[in-house]
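Thank you all for making the time. I would like to walk through one chain, from its overall layout down to a few individual residues, with the criteria stated as they come up.

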Amino acid sequence: PKRPPIQGIEAYEGTSVHYSVRKMEQFRGKRVLIVGGGDSALDWTNNLAPIAKSMTLLHRRDEFRAAPDSVKKMRELVAAGKMQLKLGQVTGLTGADGILSSMQVKGNDGAAFDIQANTLLPFFGLTMKLGPVANWGLNLDENLIPVDTEKFESSTPGIFAIGDINHYPGKLKLILSGFHEAALLAQQAFRYINPGQRLLFQYTTSSTNLQKKLGVA
């Protein structure tokens, strides 16, 4: 996970700063600030708002990558006065002995302001970096690898890309989609490794051979 570039944030990790929610009850009665604009940020904003003493969602812009229904619910909470939505970025933290008291924010208009909170949940997601792959001569689309949807192969035969790093029309960044992509990739890889050999397709629910390999026979 890409953590926020805030100096000294490590002093609050595990006490006032959390990168995931394991038990909702630990946030009951807290003044919570959630930072981010994706599904995790919006889901936990909507789920924790009813039990938190106060809830603020901070995002760098008034557009969100989360599911439209989650965004709609968040805006309804704002309209009902049950939480606040702020636009900007956290620039600093104030607190003592691992307990936060407020966060300093630079608004989109350049003005600085404080948000009173004793719990920070930063949901910045993942940063995808190609590293040396960027120099392989592949056709790229905004730092993503375009692939076909038959075998999820890149512009260079034998080089595949699955998961969040690839791109194609209708791409959904879901684990379920990644499993689907991996299955089709594996079939094409088999053909490269075993040219001319027949691919025997088997199911774990009915193949005793696969069940033995998995140790469930």
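This is a predicted model: local features need pLDDT of at least 70, side-chain atom pairs count only at pLDDT 80 or more; totals for chains, interfaces and linings use all residues.

In what order do the elements of the protein chain run from the N terminus on? They run β-α-β-α-β-β-β-β-β-β-α-α, which comes to four helices and eight strands, where helices (H or I, at least four residues) and strands (E, at least two) are DSSP runs numbered from the N terminus. Residues are numbered from 1 along each chain as its sequence is written, and side-chain values use heavy atoms, with hydrogens and water left out.

Along the principal axes, the C-alpha atoms fill a box of roughly 65 × 45 × 35 Å. Of the 217 residues, 34% count as buried, by which I mean under 20% relative accessible area, with exposed being over 50% and partly exposed in between (1.4 Å probe, protein chains only). Taking contact to mean heavy atoms within 4.5 Å, residues 24 or more positions apart account for 45% of the contacts with a separation of 6 or more.

Let me turn to helix α1, residues 39–48, whose buried residues are A41, L42, T45, N46 and L48. These buried residues pack against β1 (31–35), β2 (54–59), α2 (68–79) and β6 (119–122). W44 is also found in helix α1, but at 22% relative accessibility W44 counts as partly exposed. Leaving aside neighbours within four places in sequence, W44 is in contact with V21, M24, I34, A49, M55 and F123. For I34, which is 10 residues from W44 along the chain, the C-alpha separation is 8.1 Å.

Next, the aromatic rings. A search of the whole structure finds three aromatic pairs, where rings of Phe, Tyr and Trp (its six-membered ring) pair if their centres lie within 6.5 Å, and planes under 30 degrees apart count as stacked, over 60 as edge-to-face and the rest as tilted. In one of these pairs, the rings of F152 and Y168 have their centres 5.4 Å apart and their planes at 70 degrees, so the pair is edge-to-face. F152 lies in the loop between β7 (145–146) and β8 (166–167) and Y168 in the loop between β8 and α3 (175–193), so the pair ties together parts that are 16 residues apart in sequence. Both F152 and Y168 are buried. F201 and Y203 form an edge-to-face pair too, at 5.3 Å centre to centre and 80 degrees between the planes, but both of these residues are exposed.
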